[in-house]
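Reader: I have a new model on my screen and would like to learn how to read it. Could you walk me through its features one at a time?

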Amino acid sequence: MRNKLILILAFIAIAFNGFSQKNNALNWKFYAENQDNGNVNLIFETTIKDGFHLYSPYNPQGASRPLEININDTQNFTKIDKIKEAYTPQEKYEEFFEVTEKFFVQKAKFTIEITPKNSDKQTVTGTISGQVCKEDGFCSMVEENFSIEINPISQKKKIK
């Protein structure tokens, strides 16, 4: 029991250390793609520095912190879909948490499909948060603001 408590305290200390440093293990790109049905895909793409991994939005409960994407103002959309992963995450059993974790190495790409209420040009803002870890066990928190300009195509514009 004492050993497990020491491990937990060490993990907490490592996590708090990660808060104080700018995370440079990820290089994000944010953009939008219009769909023929008038919906818009918000794209969140990152390259991951060698030796690091980024946890999936669907990492199991009780494991390392999963990636979250939060959109600030949702009143201009009638629908916001769940996060879709473009690549299949790797999986590895983590003895400390006693679960199989899901994570990405080298690259990751996530999509959220939204349905805008109108075809006005607008900016979608929000925050990506989660956890990135080195293979040696050092982890740091991810918190990145995003701003994506969208210019939806209305169904009326397409029909000519």
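**Confidence first**

Author: Gladly. The mean pLDDT of the chain is 86, and 81% of its residues reach 70 or more; pLDDT is the predictor's confidence in each residue, from 0 to 100. This is a predicted model, in which local features need pLDDT of at least 70 and side-chain atom pairs count only at pLDDT 80 or more, while totals for chains, interfaces and linings use all residues. Residues are numbered from 1 along each chain as its sequence is written, and side-chain values use heavy atoms, with hydrogens and water left out.

Reader: How many disulfides does the count come to?

Author: A disulfide is a covalent bond between the sulfur atoms of two cysteines. The rule used here asks for a pair of cysteine sulfur atoms within 2.5 Å, and the count comes to 1. Cys133 and Cys139 form the link, with their sulfur atoms 2.0 Å apart. With 110 degrees about the S-S bond, this link is right-handed.

Reader: Is Cys133 buried or exposed?

Author: Buried means under 20% relative accessible area, exposed over 50%, and partly exposed in between (1.4 Å probe, protein chains only). Cys133 is buried because its relative accessible area is 1%, and Cys139 counts as buried at 7%. Glu144, found in strand β11 (residues 139-150), is partly exposed at 25%.

Reader: How many aromatic pairs are there?

Author: Rings of Phe, Tyr and Trp (its six-membered ring) pair if their centres lie within 6.5 Å; planes under 30 degrees apart count as stacked, over 60 as edge-to-face and the rest as tilted. By this rule there are 7 aromatic pairs. One of them, Trp28 with Phe30, is stacked, at 5.9 Å centre to centre and 15 degrees between the planes. The rings of Phe96 and Phe97 have centres 5.0 Å apart and planes at 80 degrees, so that pair is edge-to-face.

Reader: Which residues do ring pairs link into a cluster?

Author: Trp28, Phe30, Phe44 and Phe146 are joined that way.

How values were computed:
Helices (H or I, at least four residues) and strands (E, at least two) are DSSP runs, numbered from the N terminus.
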